[in-house]
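Open the model in your viewer and keep the sequence panel beside it. This tour says what to select at each stop and what is found there.

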Amino acid sequence: ARNKGASHSLAEILTFMDDDICPTPDMLEELIRVVQSAEKTVAMAALIPAFGPAASPFAALCSRGAIFAKDVDVTESVIAQAQLSDLDGCFVQFSRCKTGVLSIKRQDFLALGMFQDPTGGWPNWDDVDFGYRGHLNGFRLWQSYRATAYHHDHSLASLDTSCKRAEQ
């Protein structure tokens with residue numbers, strides 16, 4: 001669906017956002033600024049784990065990066081500190097590519113072969129594959145601290161759902 005939309009789009013810059021993401025007001029503007037200002041750059045929003053007040057103890061630990069640190073880009077306190085210090089973000093390795101919120105120039109997206117499913121099923125790892133192909137072609141991944149969004153990752157809601165996801 002993402003590839004089909006990108007193929008039919010006439011926009012210069014594409015932004016992809018998953019259905020479990022809630023963007024902050026300036027997220028899109030910041031992603032577009034980064035992509036417009038740097039060649040061969042893919043911009044990603046920093047995803048803040050979002051769990052309600054009735055979250056399980058497991059979800060609370062996950063939201064602080066205590067269990068699956070790789071699934072937590074930043075916490076709200078890190079975002080606040082970065083914004084006070086004028087720290088925009090940082091470049092990350094291709095293995096940190098996440099397509100939950102990602103912006104790229106349309107021509108670059110098409111040239112990289114769009115998203116591909118290297119495994120043939122869920123989880124499909126298309127984000128890491130996309131980051132790897134970008135890396136091989138000289139692209140850099142920018143993890144923004146100014147473009148933020150809340151991620152309602154339901155698979156981290158409990159130990160049981162996380163185990164099922166890991167097994168799949």
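A nonpolar core is a set of buried Ala, Val, Leu, Ile, Met, Phe, Trp, Tyr and Cys residues joined through side-chain atoms within 4.5 Å. Buried means under 20% relative accessible area, exposed means over 50%, and partly exposed lies in between (1.4 Å probe, protein chains only). Both terms return at several stops.

This is a predicted model, where local features need pLDDT of at least 70, side-chain atom pairs count only at pLDDT 80 or more, and totals for chains, interfaces and linings use all residues. Residues are numbered from 1 along each chain as its sequence is written, and side-chain values use heavy atoms, with hydrogens and water left out.

**Stop 1: the whole chain**

Show the chain as a cartoon. Seven helices and six strands make up its secondary structure. Helices (H or I, at least four residues) and strands (E, at least two) are DSSP runs, numbered from the N terminus. Starting at the N terminus, the order is α-β-β-α-β-α-α-β-β-α-α-β-α.

The accessible surface is about 9,300 Å², and carbon and sulfur atoms hold 56% of that. Such areas come from the Shrake-Rupley method with a 1.4 Å probe; for residues, only the protein chains shown count as cover. Of the 168 residues, 41% are buried.

A contact means heavy atoms within 4.5 Å. Take the contacts between residues at least 6 apart in sequence: 77% of them join residues at least 24 apart.

**Stop 2: the nonpolar cores**

Select Phe-16, Val-42, Leu-102, Ile-104, Phe-109 and Phe-130. These have the most contacts inside the largest nonpolar core, which has 15 residues. Strands β1, β3 and β5 each supply at least two residues of this core. Another core, of 13 residues, lies apart from it; Leu-31, Val-35, Ala-45 and Val-101 are among its members.

Zoom in on Phe-109. Which residues does Phe-109 touch, not counting residues up to four places away in sequence? They are Asn-3, Ala-6, Leu-14, Phe-16, Ile-104, Met-114, Phe-115 and Phe-130.

**Stop 3: helix α2**

Select residues 27–37, which form helix α2. Its buried residues are Met-27, Glu-30, Leu-31, Val-34 and Val-35. They sit on the same side of α2, because they cover an arc of only 130° around the axis. The arc is that of the directions from the helix axis to the C-beta atoms. An α-helix has 3.6 residues a turn, so residues three or four places apart point the same way.

Turn to the other side of α2, where Glu-29 and Ser-37 are exposed.

**Stop 4: strand β6**

Select β6. Buried or exposed: what are most of the twelve residues of β6? Nine of the twelve are buried, so β6 is largely enclosed by the rest of the structure.

Next, look at its partners. Two strands pair if DSSP finds at least two bridges between them.

- β2 pairs with β6 in the antiparallel sense over three bridges; Cys-22 stands opposite Tyr-150.
- β3 pairs with β6 in the parallel sense over eight bridges; Met-44 stands opposite Gln-143.
- β4 runs antiparallel to β6, and four bridges join them; Phe-91 has Trp-142 as its bridge partner.

**Stop 5**

Go to the loop between β4 (89–92) and β5 to find Thr-99. Thr-99 is buried, with a relative accessible area of 6%. Its side chain makes a polar contact of 3.0 Å with the side chain of Arg-2. A polar contact is a pair of N or O atoms within 3.5 Å; within protein, one must be able to donate a hydrogen and the other to accept it, and residues adjacent in sequence count only if both atoms are side-chain atoms.

Now select Asp-127, in helix α6 (residues 126–136). Asp-127 and Thr-99 are 28 residues apart along the chain, yet 5.4 Å separates their C-alpha atoms. Leaving aside neighbours within four places in sequence, Asp-127 contacts Cys-97, Lys-98 and Thr-99.

**Stop 6: two positive phi angles**

Most residues other than glycine have a negative phi. Select Lys-40, in the loop between α2 and β3. Lys-40 has a positive phi of about 50°. Lys-40 is partly exposed, with a relative accessible area of 38%.

End at Met-114, in the loop between α5 (106–111) and α6. Its phi is also positive, near 60°.
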